[in-house]
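Hi everyone, and thanks for coming.

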Amino acid sequence: MITKTMQNAINKQINAELWSAYLYLSMSMDAEAKTFKGVANWFFVQWLEEQDHARIFQNYMNSSGSKVILLPIDEVESEWKNPLEMFKQTLKHEKEITEMINELVRLAMNEGDFATLSRLQWFVDEQVEEEENANDLVDDFSRAGNDFGTLLELDSKLGEREYSKPEILK
Ligand code: OFO
């Protein structure tokens, strides 16, 4: 049984994952408008992945007899100067999400909630990947600067990213 405190904290996390999804969809739309089709694709996949993250928490809540409450999703920005600014914000945001996950881990440890702790391990690992990806892309776009050829190459590379459903949801 998950305590009420933990249920509230997970509901907040579900909201944060859905906000992340909304943020990345907005970046995808803006990248599309700025004709960075590959960047738009990368953020579109990110949008799908964030919805998966929310789904994993929702499944966990449902399977443990807890009540999922969908909280309001705050507005997101709709415009960025360029892809570098998008990836810088992505990195900053993912660091904040990592901190939220760490906070959930601390709560689960304090409560001796080993089931939640076990589920959270997936997110701890996922956040390492999320931060690494965003960090690499900040580096790539920083190095590219205004070099049109390099930007085109990077955009085309990001166009290859494909969505795949995580094992945990299959
Ligand atoms: Fe859900 O990992 Fe990004 O925010």
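Let's begin with Thr35, which you'll find in the loop between H1 and H2. When I say helix, I mean a DSSP run of H or I with at least four residues, and a strand would be a run of E with at least two, all numbered from the N terminus. Before we go on, a word on the model: it is predicted, so local features need pLDDT of at least 70 and side-chain atom pairs count only at pLDDT 80 or more, while totals for chains, interfaces and linings use all residues. Residues are numbered from 1 along each chain as its sequence is written, and side-chain values use heavy atoms, with hydrogens and water left out.

Thr35 has a positive phi of about 65°, although it is not a glycine. For background, most residues other than glycine have a negative phi. Is Thr35 buried or exposed? Its relative accessibility is 64%, so Thr35 counts as exposed. The cut-offs are these: buried is under 20% relative accessible area, exposed is over 50%, and partly exposed is in between, with a 1.4 Å probe and protein chains only.

Now let's go inside. The largest nonpolar core has 22 residues, and Met27, Val39, Phe43, Met86, Phe87, Phe141 and Leu158 touch the most other members. By nonpolar core I mean a set of buried Ala, Val, Leu, Ile, Met, Phe, Trp, Tyr and Cys residues joined through side-chain atoms within 4.5 Å. Five helices each supply at least two residues of this core: H1 (4-33), H2, H3, H4 (114-144) and H5 (148-158). Which helix gives the most to this core? That is H4, with five residues. Apart from this core lies another one, of 20 residues, including Ala9, Ile10, Tyr60 and Met61.

Take Val39 as a way in. Not counting residues up to four places away in sequence, Val39 touches Ala31, Pro83, Met86, Phe87, Phe141, Asp155 and Leu158. Contact here means heavy atoms within 4.5 Å.

Next, the rings. A search of the whole structure finds eight aromatic pairs. Rings of Phe, Tyr and Trp (its six-membered ring) pair if their centres lie within 6.5 Å; planes under 30 degrees apart count as stacked, over 60 as edge-to-face, and the rest as tilted. One of the pairs is Phe43 with Phe87, which is stacked, at 4.9 Å centre to centre and 20° between the planes. This pair links distant parts of the chain, with Phe43 in H2 and Phe87 in H3 (residues 83-111), 44 residues apart. Both Phe43 and Phe87 are buried. Ring pairs also link Tyr24, Trp42, Phe43, Phe87 and Phe141 into a cluster.

How many salt bridges does a search of the whole structure find? It finds 11. Each is a side-chain nitrogen of Lys or Arg within 4 Å of a carboxyl oxygen of Asp or Glu. In H3, Lys92 and Glu96 lie four residues apart, about one turn of the helix, and they form a salt bridge with the closest N and O atoms 3.3 Å apart. Glu103 and Arg106 also form one, at 2.7 Å between the closest N and O atoms.

Asp140 and Lys157 meet in a salt bridge as well (3.7 Å, N to O). Asp140 lies in H4 and Lys157 in H5, so the pair ties together parts that are 17 residues apart in sequence. Asp140 is buried, at 19% relative accessible area, whereas Lys157 is partly exposed, at 44%. There is also a network of salt bridges linking Asp30, Lys34 and Glu79.

Let me finish with Glu50, in H2 (residues 37-63). Glu50 is buried yet has no salt bridge, and the nearest side chain of opposite charge, Arg161, is 7.9 Å away. For charge, Lys and Arg count as positive and Asp and Glu as negative, while His and the chain ends are not counted. Leaving aside neighbours within four places in sequence, Glu50 is in contact with Glu17, Ser20, Ala21, Tyr24, Glu94 and Glu130.
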